[in-house]
Amino acid sequence: MKKEILLLASFFVLSSSQLISQNNIDEFLKNQPIIDVHVHITKGYSDNEEYNKVNVDIDIAKIEWMRQRLDQNNIVLALGGGPMKYAKLWQQMDKRYWAGPRIPCNPLREQDEPCESELPNLKELDSLYKNGRLKYLGETSFNSMGIHPADERFNPYWELAEKYQIPIGFHADRGPFKRNMEETPNWNEAYANPILLLPILEKYPKLKIYLMHYPGSYFNECIEVMKKYDQIYCEMTAVTMFAPKERWEPRIKKLFEEGLGERLMFGSDYVGTIRKNIEIVYNLDWLTEDQKRDIYYNNAAKFLELSEAEIQTHHKMVE
Ligand SMILES: [Zn+2]
């Protein structure tokens with residue numbers, strides 16, 4: 001009995017202090033635009049009770065529900081990859097998305113449906129990039145598909161991305177560790193190692209790549225690649241949500257010690273976790289306010305080379 005009361009008491013203390021910190025975050029976020037560099041674009045799932053009543057068309061329902069999530073969290077721009085069909089639809093329906101194909105897509109993976117061919121039609125992609133109907137390439141799935149990143153089948157895509165300066169999200173961690181082996185029978189975690197990008201970057205030195213899940217297992221390799229190429233940035237999703245803070249926080253500190261903190265960007269990765277990821281950045285109490293605002297917005301604005309006019313528009317969107 002005593003134990004239960006104690007537990008209740010500690011729960012109360014925790015929840016009231018949590019409330020204060022929530023208020024602090026809300027105050028901090030006022031007029032603060034945020035760029036989310038890691039969204040997964042997918043079909044709508046009819047069994048998802050969060051949004052399956054939002055619209056009779058389940059695909060549209062997901063987009064509309066996501067629109068609310070972006071609105072609520074000051075997201076003014078989001079980089080997202082997925083099946084071509086949905087990448088085009090999402091960017092068309094909400095101009096905040098810079099969308100593009102997951103590369104390569106996996107015909108066995110439900111999240112990638114529809115995936116008619118692993119690589120998108122080159123001519124179509126060229127024209128979509130050229131007229132701005134798509135503006136993204138990623139997330140890469142070399143590890144989950146078991147294909148080496150430097151496989152020459154990808155060369156024309158690197159060439160295209162370099163030509164149009166399309167941002168590329170490279171999955172740079174061994175995880176996720178909960179995986180469906182039926183969907184990914186050829187999984188090879190070694191192909192998420194960003195070192196494997198070096199020969200590609202030698203050939204296409206202006207590729208605008210950012211390394212996803214920086215503080216994960218390949219953090220040293222991430223640093224090595226970022227030091228070689230000024231335009232390579234990174235983000236900190238998933239690892240920061242699932243791994244113990246003692247493991248990943250020193251790696252974020254190391255990034256700053258190495259002088260690369262100005263290349264760290266905000267992302268959410270898992271659907272419905274934008275707020276959670278905002279809190280993870282906010283709760284790094286050794287960061288200055290400016291550094292937090294840089295992670296939420298300014299670093300990505302630099303990476304994406306946004307114009308002054310675009311930056312002004314983004315600030316107006318959250319006034
Ligand atoms: Zn990933």
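The model is a predicted one.

Overall build. I counted 13 helices and 8 strands in the chain. I then checked the radius of gyration: a compact globule of 319 residues would have one near 20 Å, and the chain agrees because it has 20 Å. The C-alpha atoms fill a box of roughly 65 × 50 × 45 Å along the principal axes. Buried residues account for 39% of the 319. Of the contacts between residues at least 6 apart in sequence, I noted that 74% join residues at least 24 apart.

Domains. The division I found is domain 1 at 1-30 and domain 2 at 33-317. Their C-alpha centres are 32 Å apart.

Helix pair. I looked up α4 (residues 122-130) against α6 (residues 155-164); the axes come within 10 Å and cross at roughly 10°. The crossing of α4 and α6 is right-handed. On the α4 side the contact is made by Leu-122, Leu-125, Asp-126, Tyr-129 and Lys-130, and on the α6 side by Pro-156, Leu-160 and Tyr-164.

Ala-150. I found Ala-150 in the loop between α5 (142-145) and α6. Ala-150 has 16 other C-beta atoms within 10 Å, so I put it down as partly exposed.

Backbone. Most peptide bonds are trans, and most residues other than glycine have a negative phi, so I searched for departures. The bond from Glu-113 to Pro-114 is cis, with omega near -5°; Pro-114 sits in the loop between β3 (97-101) and α4. The bond from Gly-175 to Pro-176 is also cis, with omega near -5°, and Pro-176 is in the loop between β5 (168-171) and α7 (198-203).

His-213 has a positive phi, near 65°, and lies in the loop between β6 (209-212) and α8 (219-228). I logged His-213 as buried because 30 other C-beta atoms lie within 10 Å. Asp-269 has a positive phi of about 70° and is in the loop between β8 (264-265) and α11 (274-282). Asp-269 is buried too, with 24 other C-beta atoms within 10 Å.

Definitions and conventions: Residues are numbered from 1 along each chain as its sequence is written. This is a predicted model: local features need pLDDT of at least 70, side-chain atom pairs count only at pLDDT 80 or more; totals for chains, interfaces and linings use all residues. Helices (H or I, at least four residues) and strands (E, at least two) are DSSP runs, numbered from the N terminus. The radius of gyration is taken over C-alpha atoms; the globule rule is 2.2 Å times the number of residues to the power 0.38. A residue is buried if 20 or more other C-beta atoms lie within 10 Å of its own, exposed if 12 or fewer, and partly exposed in between; C-beta atoms are placed from the backbone. Two residues are in contact if their C-beta atoms, placed from the backbone, lie within 7 Å. Domain bounds come from an automatic or database domain assignment. Axes are lines fitted to C-alpha atoms, for helices over the stretch in contact, and angles run from 0 to 180 degrees between N-to-C directions. A crossing is left-handed if the near helix is turned anticlockwise from the far one by less than a right angle, and right-handed if clockwise.
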